[in-house]
Amino acid sequence: MKIKQFFFKALLLSILTWGTVEAIFYFDPYKKYDLETSYNAVIIDKYKRLQETPSPKIVLIAGSNFAYGINSKLIADSLQKPVVNMAIHYAYGTKFMLNQISPELHKGDTVIMGFEYIIESKGNKSEQLLMARCFPKAKEWMEFDDFFEEIRENGQLRINTFRTILERLYKNKEINYQISDTTSVFFRGATNEYGDLISHYNNPSKKPIPRAILSDKVSLKGAINDMNAFYEAMKSKEVKVYFVYPTYSEENYVLDKKIIDKYQQEYEKYARFPILGKPTDFVFADSLYQDMAYHLTQKGAEIRTKKIIQLLGRISF
Amino acid sequence: MLFNSIEFLLFFPIVTIVYFLLGHKNRWWWLLAASCIFYMVFKPEYLLILGFTIVIDYFAGIWIENAVGKQRKWFLIISLMANIGVLAFFKYTNFAIFALAQSNIAHFKLLDFILPIGLSFHTFQAMSYTIEVYRGNQKAEKHFGLYALYVMFYPQLVAGPIERPQNVLFQFYEKKSFDYLRVTSGLKLMAWGLFKKVVIADRLALFADKVYNSPMEYEGIPIIVATVFFTFQIYCDFSGYSDIALGTAEVMGFKLMKNFDRPYFSKSISEFWRRWHISLSTWFRDYLYIPLGGNRLGKTRQYFNQFFVFAISGLWHGANWNFIIWGALHGFYLVFARITQKPRTEFNKITGLEKVPFLLKTLQVFTTFCLVSFAWIFFRGNYLEQSQLFHLVAHLFSNFPTLKEFLNFHYISQNIFLNFTLVEFLIAIGLIIFMEIIHYFQRDKSIRQLVSTFPTAVRWLLYYLFVMAFFILGIFDKPAQFIYFQF
């Protein structure tokens, strides 16, 4: 009898407490607003363009260094092919990002990968789940190590959402993001039709550009393996795949040269896909950067894009 | 397996339910198998190290009991050598190689392996067994499985409490039944331990880490704030673990020894060590301090013994000079306190402090807290370079603000809140106060007993709020390891 009573009470307490979290997660009063404004929801527009753009097309994939630092129109005009810039945030990881574009690539398409030096294979599961909250299809691109990781990450998403909702209810103030203002950067409407981030164009740049964090203990091998697997899979679909190094501000490059050299060696040693150029091709003066070592200004993006076009031209694209 | 992991959230109920479903005769192997799985989650091959010492100590125990005269001592020495050998090899070899290379005596290649988790804990527990058998306080355990379970019992396998055979072994023979009150009491203790770890310790760690991860950027007040936060962090981290261990064992009907008793309310360093990591301090008292002569061989020898034992206890924590300095510092505090006992008592008389016991006690608690906190700098900075550690100590009281600066919110935000928001800082402080209030109520009566006297609706409301506070305030980014796991 006591055992039954114990299990009943334990179950009741679990339902009451976790049920509160679960209920708030499902009946999130900000869900609609977030779908319209959050940066994660930019995937809805980017994915729509990816699906609707006919082949042969050029697809750009990386983290924010491509989101900030590419002028897709320049590429499209120069190479006479439609461009889709799928870059959002490095934290999604190579596996997730490559899974994201793979099914929508067809014969004749070209993919340019430009992952950051801090890229990981697995990526940040919380970020991936946040995207999936806005765009459920993103769940298909996720890969969990095991059952426990899936439970843990989903649980954490619910708790974090619960907390965020409480905080927003308490503050009761939502920001109205606009491209025209001089502060907003990350929100759904922050990109142009190609998927390039343009919200920062009229924002003041940071001076000096903050120090980036690179570690000589980190290896890019996992990420390179993902790119190799992607390259092989795309080869059979007759999709061309290239890699370009990410952009990096000059002052940061001087400080991190040793580590970047090590990463370059890893690419040269393990990559089976063609690499266009060298890391130094995309190192520019700090004055061309917006707010960090990977984020170019509008002018910086143009210079960088021309460099990519030039490199593509060399391989009789 | 971490107590604060999803894996444990499944492991614990499964192990416990099956434990109660099984008959008494079959429970030992179930618990032993569960303990093996619990340990193997960290690094499966290290189970062999545990197995090696278990086999040696099991037979050593029997041989000691059956032998006579000097032979008994030899069997004890074999057992101690095996345990200390394993500990020395895995924990101190690289330290020795590094020290030899630094002093330019010899240059060997560092060994490349990860320290087996909880090694210092289970080797000490194993040693206490053979010592107690040798002393005649414990009969040698003939059941190999039960002896293995004594060493490997999963609640206390990786971070204690370091048990004594007299306290645990007989409990494995007792038939345990499902006792509603005991089970719920154990679960409440586990919940409180988890709260201390996930909500308080891991939150305070955010503040402490900020300064200790880049020490050269800070001077004065931020170092003090981070150190005070670390003082509470390590307490909540370790006592949280102990609470979960004790609670887990209690659910299954086992009583483990208390490891903490409100240590930051201690009025002296010696009292602090009677309240902090009790199972380790009593281990050193019983198996090192007293055999060295304790306080029986004159004052000078007593002072040496105290200093030596604490320096060794520092070394027990880790193969690092910082831990040795931390232990030696506590040894120095103790010796200094003994030497100055008379003049201090005299001072209290002259100043009239003795007549105001509350003020005297408050001053004593505050002084002890400051001394303990200062020593934690060396403990927390165990991975720092010498120059960084020196910077922390040398700049503890430098760059103090003027009154004008101190009243400036920007200054406070940078140096006291450590660039966290006011709300985040207040939550951290509030949690420390909350915990100390709970401690205050626990002086005479367990808070669990107190809560059980409340009307059902109030109790349920408290449980609900407690769990929700756990969800709202906990740090769940990734399960943080317990600090003491590394030892």
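The lining of the largest cavity has five nonpolar residues, four polar residues and no charged ones. This is a predicted model. Which residues form that lining? In chain B they are Phe121(B), His122(B), Gln125(B), Val151(B), Gln156(B), Leu157(B), Gly160(B), Pro161(B) and Ile162(B). Helix α5 of chain B, residues 119–135, gives the most to the lining, with three residues. The volume of the largest cavity is about 30 Å³. The structure holds one cavity of 30 Å³ or more. How is such a space found? Rolling a probe the size of a water molecule over the atoms shows where empty space is left.

Now turn to chain A and a pair of helices. Two packed helices are described by the angle between their axes and the distance between the axes. Take helix α9 of chain A, residues 221–236, and helix α10 of chain A, residues 250–270. Their axes come within 10 Å. They cross at roughly 35°. The crossing of α9(A) past α10(A) is right-handed. Which residues meet there? From α9(A) come Lys221(A), Ile224(A), Met227(A) and Asn228(A). From α10(A) come Glu266(A), Tyr267(A) and Tyr270(A). By class, this contact has four nonpolar, one polar and two charged residues.

Next come charged pairs. Side chains of opposite charge can pair when their charged atoms come close. How many salt bridges does the structure hold? Over all chains, there are 33. One salt bridge joins the side chains of Asp45(A) and Arg188(A), at 2.7 Å from N to O. This pair links distant parts of the chain, 143 residues apart. Asp45(A) sits in helix α3 of chain A, residues 42–52. Arg188(A) sits in the loop between α8, residues 147–171, and α9 of chain A.

Last, look at the backbone. Most residues other than glycine have a negative phi, and most peptide bonds are trans. Some spots here depart from that pattern. A cis peptide bond joins Ser55(A) to Pro56(A), with omega about 0°. Where is Pro56(A)? Pro56(A) lies in the loop between α3 and β1 of chain A, and β1 covers 58–61. Lys207(A) and Pro208(A) are also joined by a cis peptide bond, with omega about -5°. Pro208(A) lies in the loop between α8 and α9 of chain A.

Glu238(A) is not a glycine, yet has a positive phi of about 60°. Find Glu238(A) in the loop between α9 and β4 of chain A, where β4 spans 240–244. In chain B, Arg262(B) has a phi near 45°, a positive value in a residue other than glycine. Arg262(B) is found in the loop between α9 (221–252) and α10 (269–275) of chain B.

Key:
Residues numbered from 1 in each chain as written. Chains lettered and ligands numbered in written order. Predicted model: local features only at pLDDT ≥ 70, side-chain atom pairs only at ≥ 80, totals over all residues. Heavy atoms only, no water. 1 Å grid on protein atoms, 1.4 Å probe; cavity = no way out; pocket = protein on both sides within 12 Å on 5 of 7 lines; lining within 4 Å. Points joined across faces, edges and corners; volume = space filled by probe spheres on them. Helix = DSSP H or I, 4+ residues; strand = E, 2+ residues; numbered from the N terminus. Nonpolar A, V, L, I, M, F, W, Y, C, P; charged D, E, K, R; others polar. Axes fitted to C-alpha atoms, helices over the stretch in contact; angles between N-to-C directions. Left-handed = near helix turned anticlockwise from the far one by under 90°. Contact = heavy atoms within 4.5 Å. Salt bridge = Lys/Arg side-chain N within 4 Å of Asp/Glu carboxyl O.
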